[in-house]
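I opened this model to look up its strands, its core and its ring contacts. My notes are below the structure.

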Amino acid sequence: MLLTQIHVGNLAILETTTVQANSGATLTATGLLRAGMRIMGVTTQVLTTLGTSLGITSYIVGDGTNVARWGQSPSLTAGARTEQPQFQDTTWPIYAADTDVVISALGGTFDANGTIEITVHAFPLLHRRAA
């Protein structure tokens, strides 16, 4: 017998935060990749244009182990996004502990101008009878 259901507990969970650029090579969203969740991907959008005074030309999105797992930004201007077509890794990892999303500058470092919104797309895999 085939049973088709939509289980609210298995739908994607979106967790979003913003990071303010600072003077340095990386920006970190601490613990945003939740332990035990299957991570479908991480997307970003530049909310306010990133400053280029320290040479940055682009940024990559990763997890500290695979620095470009979720791609490279095509631009530093407001509205620029990283989405699934830019993903460098097609696996859906599960982390044993909460893990950071790390945004790394390319071509230089971040100055203190600009903000980036980060969204994690994740879901738990639960048996259909799970609470």
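The entries that follow go from the sheet to the core and then to the aromatic rings.

Entry 1: I am working from a predicted model. I looked up the strand order and found an open sheet of four strands, S1-S7-S3-S5, with antiparallel pairing. S1 (13–20) and S5 are the edge strands; each has a single partner, so one side of each has no neighbour in the sheet.

**Entry 2: the pairings.** I went through the sheet pair by pair. S1 and S7 run antiparallel and are joined by eight bridges. Within that pairing I noted Glu 15 opposite Val 120 of S7. S3 (residues 38–48) and S7 (residues 115–123) are also antiparallel, with nine bridges between them. Thr 44 has Ile 118 in S7 as its bridge partner. Two bridges hold the antiparallel pairing of S3 with S5 (residues 81–82). On that side I found Gln 45 opposite Arg 81 in S5.

Entry 3: I picked Thr 115, which lies in strand S7. Is Thr 115 buried or exposed? Its relative accessibility is 17%, and the limit for buried is under 20%, so I logged Thr 115 as buried. Leaving out residues up to four places away in sequence, I listed its contacts as Val 19, Gln 20, Gln 45, Val 46, Leu 47, Thr 48 and Leu 50.

**Entry 4: the core.** I then looked up the largest nonpolar core, which has 27 residues. Which of them touch the most other members? I wrote down Ile 39, Val 42, Tyr 59, Val 101, Phe 110, Ile 116 and Ile 118. The elements giving two or more residues to this core are S2 (26–33), S3, S4 (58–62), S6 (99–106) and S7. For context, nonpolar side chains in soluble globular proteins tend to be buried together.

**Entry 5: the rings.** I searched the whole structure for aromatic pairs and got one. The pair is Trp 92 with Phe 123, edge-to-face, at 5.6 Å centre to centre and 85° between the planes. Trp 92 is in the loop between S5 and S6 and Phe 123 is in strand S7, 31 residues apart, so I noted a link between distant parts of the chain. I checked the accessibility of both residues. Trp 92 counts as partly exposed because its relative accessibility is 41%, whereas Phe 123, at 10%, counts as buried.

**Entry 6: a charge over a ring.** Last, I looked up Arg 69. It lies over the face of Trp 70, at 5.6 Å from the ring centre.

Terms used: Residues are numbered from 1 along each chain as its sequence is written. This is a predicted model: local features need pLDDT of at least 70, side-chain atom pairs count only at pLDDT 80 or more; totals for chains, interfaces and linings use all residues. Side-chain values use heavy atoms; hydrogens and water are left out. Two strands pair if DSSP finds at least two bridges between them. A nonpolar core is a set of buried Ala, Val, Leu, Ile, Met, Phe, Trp, Tyr and Cys residues joined through side-chain atoms within 4.5 Å. Buried means under 20% relative accessible area, exposed over 50%, partly exposed in between (1.4 Å probe, protein chains only). Contact means heavy atoms within 4.5 Å. Rings of Phe, Tyr and Trp (its six-membered ring) pair if their centres lie within 6.5 Å; planes under 30 degrees apart count as stacked, over 60 as edge-to-face and the rest as tilted. A charge sits over a ring if NZ of Lys or CZ of Arg is within 6 Å of the ring centre and within 35 degrees of the ring normal.
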